[in-house]
Amino acid sequence: MAATTPLLQVRDLHAGYGRAEVLSGVAIEAAAGSVVAVVGPNGAGKSTLLNALMGVLPARGELLFDGQPVQRLSLEQRVQLGIALVPETRALFGTLPVADNLLLGGYRLRRAPRAEQAARLDAIYALFPRLRERHAQAAGTLSGGERQMLAIGRALMGSPRLLMLDEPSLGLAPLVVKEIFRIIERLRESGTTILLIEQNARAAMAVADHAYVLETGAIALSGPASELAADPRVIETYLGKAKA
């Protein structure tokens, strides 16, 4: 059986801020329908990686999406291709209702019939029932977990093929974190490819198919997530002992 081309291929990626290079020669891949985790210490360049892939930051290197070079495309063009980013800040419109925040995420569907947009909105509400309950509530009044659900739901409104999540568990209570990771598993089952940046390395490894360890702007380790989770260096540095 012939190997399929990864949905995302990144080779020799360099990116940073002004003259300060943060990423140096990063290479990663993501197979279609998989969850790929990138873990590492603060300041390693994890968020810079996602911003470079999204086109928020200028970058050098080769970036292929479904075999197509996209490094010269604008952020809007990458969104149109099916790439979406949920930033660490969540970047919601706090004074607007939940429903309006979601509809603003449907950039790819802006020319689609209203029935299609409504169907997509219903699909998001089915995934996040609490958002349906709070559809008329201002986004800024939601709890931290609800805001994260809204940020993910808004990104999903455009039916992205690649969903990039930057620290989705940040600042959330343990029970909410478990719910967010259950949603990530459901998205993978539906065929969405997910690139996951996460400080909670144990949770990330548990849900991921493949994982990378990013240290000081370069890939230090990579492999199947289950193998990396058993690597003594990864356990000592990022996982620690599991709670009884």
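Helices (H or I, at least four residues) and strands (E, at least two) are DSSP runs, numbered from the N terminus. In these terms Thr216 is found in the loop between β9 and β10 (218-224), and its phi is near 45°, a positive value in a residue other than glycine. Residues are numbered from 1 along each chain as its sequence is written, and side-chain values use heavy atoms, with hydrogens and water left out. The model is predicted, and for this reason local features need pLDDT of at least 70 and side-chain atom pairs count only at pLDDT 80 or more, while totals for chains, interfaces and linings use all residues.

**Loops with positive phi**

Asp66, which is not a glycine either, has a positive phi of about 55°; Asp66 lies in the loop between β4 and β5 and, with a relative accessible area of 46%, is partly exposed.

**The sheet**

Two strands pair if DSSP finds at least two bridges between them. Four strands form an open sheet in the order β2-β1-β4-β5, with antiparallel pairing. Its edge strands are β2 (20-30) and β5 (68-69), each of which pairs on one side only. Within this arrangement, strand β1 (residues 8-17) and strand β4 (residues 59-65) are joined over six bridges in the antiparallel sense, and Ala15 stands opposite Ala59 in β4.

**Nonpolar cores and a surface patch**

In soluble globular proteins, nonpolar side chains tend to be buried together. A nonpolar core is a set of buried Ala, Val, Leu, Ile, Met, Phe, Trp, Tyr and Cys residues joined through side-chain atoms within 4.5 Å. The largest such core has 48 residues, and those with the most contacts inside it are Phe128, Ile152, Leu163 and Ile184. Helix α7 (residues 174-189) gives the most to this core, with seven residues. Apart from it lies another core, of 29 residues, among them Ala44, Leu49, Met54 and Val79.

Contact means heavy atoms within 4.5 Å. Leaving aside neighbours within four places in sequence, Phe128 is in contact with Met149, Ile152, Gly153, Leu156 and Ile183. Thr193, placed in strand β8 (residues 193-197), counts as buried because its relative accessibility is 1%. With neighbours within four places in sequence again left out, the contacts of Thr193 include Leu7, Ala30, Arg161 and Leu163.

On the surface, Phe93, Leu96 and Leu104 form a nonpolar patch with about 260 Å² of accessible area together. Patches are made of residues with over 30% relative accessible area and no salt bridge, like charges being joined within 9 Å and nonpolar side chains (Val, Leu, Ile, Met, Phe, Trp, Tyr) within 5 Å; accessible areas come from the Shrake-Rupley method with a 1.4 Å probe, and for residues only the protein chains shown count as cover. Leu96 has its place in the loop between β6 (83-86) and α3 (98-104) and counts as partly exposed at 30% relative accessibility.

**Salt bridges**

Side chains of opposite charge can pair when their charged atoms come close. A salt bridge is a side-chain nitrogen of Lys or Arg within 4 Å of a carboxyl oxygen of Asp or Glu.

| Pair | N to O distance |
|---|---|
| Arg130 and Glu179 | 2.4 Å |
| Arg134 and Glu146 | 2.8 Å |
| Arg233 and Glu215 | 2.7 Å |

Arg233 lies in helix α10 (residues 232-239) and Glu215 in strand β9 (residues 210-215), so this pair ties together parts that are 18 residues apart in sequence; Arg233 is partly exposed, with a relative accessible area of 39%. Arg130 counts as partly exposed at 27% relative accessibility, and Glu179 is likewise partly exposed, at 24%.

Glu133, Arg134 and Glu146 are linked in a network of salt bridges. Glu146 belongs to helix α6, and, leaving aside its neighbours within four places in sequence, Glu146 is in contact with Arg130, Leu131 and Arg134.

Technical notes: Buried means under 20% relative accessible area, exposed over 50%, partly exposed in between (1.4 Å probe, protein chains only).
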